[in-house]
Amino acid sequence: MGQRKRIGILTSGGDCPGLNCVIRAVISHATLTYNWEIVGIPNATQGLLERKAIALNLHGLDVHGIDPLLSMGGTYLGSTSKGNTSDHTSELLASYQALAIDALIAIGGDGSLAILRDLACQGKWNLVAIPKTIDNDVAITERAVGFDTAVNTITESLNRLTYTAASHDRVMIVEVMGRQSGHLALHAGIAGGADIILIPEIPYSIADICQKINALRDHWGRKFAIIVVAEGVKTEEGSSSIYTDSLGQVRLRGISQYISEQVAHTLTQEVETRVTVLGHVQRGGMPSALDRIVAAAFGKAAVDLIAQQQYDRMVAWQNFQVKSIPLEEVLLSSPLSVEPDSYLVQTARALGIYIGEGKNN
Ligand code: F6P
């Protein structure tokens, strides 16, 4: 019989609900089925650089039934999304060796998985990846951990905003995350009863938005409207709304203000607009049941891949099954974006939602 394996696990990039459920599933399966040692590396590459490893086996198993990892948002291990590690490559490779782990499970989005794969190739690490991101833009997998909870959070926010919009006959413009993909806006917009959904993948016009708002009033006697706009949507002239954060990184924010001003300007006295930027509210909170299930299935699959010595792969959700895909193939593929003629887009249009390109009044 071989030596007892020692497995590292880390969470990298922006946090999201469900990360702790993945950690819990990995601990449970690796301990109960394989009797492996599991160590958590705090704060992703930062913890690796500092050669930190937290023993995880007892955590969770001792308290099954009231396990806080199941319902806790964020990541118990902490994360970092500071990006570039190229200045520290040789230290990171040495740290990995020093931690004496047999394999590493990395939970991340496409950006952080690309960085970790690069290191893994150089250091010959045994890497297995699990996709997470509220944006749901990781290629090849239909679901990433965190997406469903974020959709639910946005949906609930739209429900709340609808009542106050109706009470004051206002047009509410709600900006949601997603980087260059419109999955969050599309899913939550349909679920939350939006009248207008703007996503980066489909061009729109201010004139059509205004026509839709007028049509709601003229045909239905409704003086309020809900517009969901994805942060990656551009102005009509094609500029992104961005800002630079304190670390000098460019971030998306503010397209909702532009839409608000354009609508108010075009419809003059007829409408009052208000802007809500949901921001990191979308990333917080308890994971939904579906995210917990996806997390559990991904955690189990990742552990089994290590048992089968199948490395440099990512687990993926496809048609209600968990598959494993070469990580290189995932990273070489374009991020998952909304297909402009997809069934969900057609559904939105069939329900009378304006979603860009052509009128739907
Ligand atoms: O990729 C996830 C995400 O939440 C994006 O939707 C958003 O643009 C970005 O991260 C925000 O990043 P940060 O937490 O660094 O501000």
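## Ligand site and overall form of a predicted model

The protein has 13 helices and 13 strands, taken as DSSP runs numbered from the N terminus (H or I of at least four residues for helices, E of at least two for strands). This is a predicted model, in which local features need pLDDT of at least 70 and side-chain atom pairs count only at pLDDT 80 or more, whereas totals for chains, interfaces and linings use all residues. Residues are numbered from 1 along each chain as its sequence is written, and side-chain values use heavy atoms, with hydrogens and water left out.

The C-alpha trace spans about 75 × 45 × 35 Å along its principal axes. A compact globule of 361 residues would have a radius of gyration near 21 Å, so the 22 Å of the protein agrees with that form; the radius is taken over C-alpha atoms, and the rule is 2.2 Å times the number of residues to the power 0.38.

Around the ligand lie Ile134, Asp135, Met177, Gly178, Arg179, Glu231, Arg251, His280 and Arg283, each with a heavy atom within 4 Å of it. By class, this shell has two nonpolar, two polar and five charged residues (nonpolar: Ala, Val, Leu, Ile, Met, Phe, Trp, Tyr, Cys and Pro; charged: Asp, Glu, Lys and Arg; polar: the others, Gly among them).

| Side chain | Distance to a ligand oxygen atom |
|---|---|
| Aspartate 135 | 2.6 Å |
| Glutamate 231 | 2.6 Å |
| Histidine 280 | 2.8 Å |

The protein covers 80% of the 400 Å² of accessible area that the ligand has on its own, by the Shrake-Rupley method with a 1.4 Å probe.

How values were computed
A polar contact is a pair of N or O atoms within 3.5 Å; within protein, one must be able to donate a hydrogen and the other to accept it, and residues adjacent in sequence count only if both atoms are side-chain atoms.
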